[in-house]
Amino acid sequence: MLLLYTPAFLVGVASFWLYPADDSSFLFLKSAVTIHFFKRLFEVIFIHKYSGEMSLDTIIIILVSYFFVSLSLIYTQTFNQGLSEPSIDLKYLGIVLFLIGISGNFYHHYLLSKLRTKGEKEYKIPKGGLFELVICPHYLFEILEFLGISLISQTLYSFSVTLGSALYLMCRSYVTRKWYVSKFEDFPKEVKAFIPFVF
């Protein structure tokens, strides 16, 4: 799993050297992308307890996807250098959403890690936090992270990445809830897939 996130993280780190900029939006964007993938590396090393292995073709697809997202978010921002700031500056709202998203995502990953003892691979119904309302709150918070990045960047491309990520994670949440309902007879029916009380 370290292999999946390391290239994307290194893109973020390298961007500070390759694209030194006085523009605060660009600095915040590079920081957010780098912090996002650093958190993922931290979780791989210290938090997650994986239940199985991943095939090489899946690893390559995910690695390239994360690498490309990290690279393209940062690179497309270079085209905004020297342009006037948007009339409505949303970067500070974006920073707040990013921080809420990354904190909520980390917290729910931590709760998931506590479901298994070392070496255990059995699935359990998650409890605590927003798991009482949705089966994948960590996905919901990840979308908040990406929405924050979009508001920091304020580019069409970053909003496209957020929309694509949101649709993908919503579908994964739906499939995950369906799996839990089929696997556990005592799965609470009021727990939704992605949006509390709604979906």
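Modeller: For the residue classes, Ala, Val, Leu, Ile, Met, Phe, Trp, Tyr, Cys and Pro count as nonpolar, Asp, Glu, Lys and Arg as charged, and the others, Gly among them, as polar. The model is predicted: local features need pLDDT of at least 70 and side-chain atom pairs count only at pLDDT 80 or more, while totals for chains, interfaces and linings use all residues. Residues are numbered from 1 along each chain as its sequence is written, and side-chain values use heavy atoms, with hydrogens and water left out.

Biologist: What classes of residue make up the lining of the largest pocket?

Modeller: A pocket is an open set of points on a 1 Å grid over the protein atoms alone, where a 1.4 Å probe fits, with protein on both sides within 12 Å along at least five of seven lines; lining residues have an atom within 4 Å of a point. Here the lining comprises 24 nonpolar, 12 polar and 10 charged residues. Of the 46 lining residues, Tyr50, His109, His138, Tyr139 and Arg172 lie nearest the centre of the largest pocket.

Biologist: How much space lies in the largest pocket, and which helix gives the largest share of its lining?

Modeller: A volume is the space filled by probe spheres set on the points, which are joined across faces, edges and corners; for the largest pocket it is about 1,500 Å³. Helices are DSSP runs (H or I, at least four residues), numbered from the N terminus. Helix H6 provides the largest share of that lining, 10 residues.

Biologist: Which residues have the most contacts inside the largest nonpolar core?

Modeller: A nonpolar core is a set of buried Ala, Val, Leu, Ile, Met, Phe, Trp, Tyr and Cys residues joined through side-chain atoms within 4.5 Å, where buried means under 20% relative accessible area (1.4 Å probe, protein chains only). The largest has 22 residues, and Tyr5, Leu29, Val33, Phe37 and Ile149 have the most contacts inside it. H2 gives the most to this core, with 7 residues.

Biologist: Is Ser158 buried or exposed?

Modeller: Ser158, in helix H6, is buried, with a relative accessible area of 1%. A contact means heavy atoms within 4.5 Å; leaving aside residues up to four places away in sequence, Ser158 touches Leu73, Ser150 and Ser153.

Methods
Buried means under 20% relative accessible area, exposed over 50%, partly exposed in between (1.4 Å probe, protein chains only). Helices (H or I, at least four residues) and strands (E, at least two) are DSSP runs, numbered from the N terminus.
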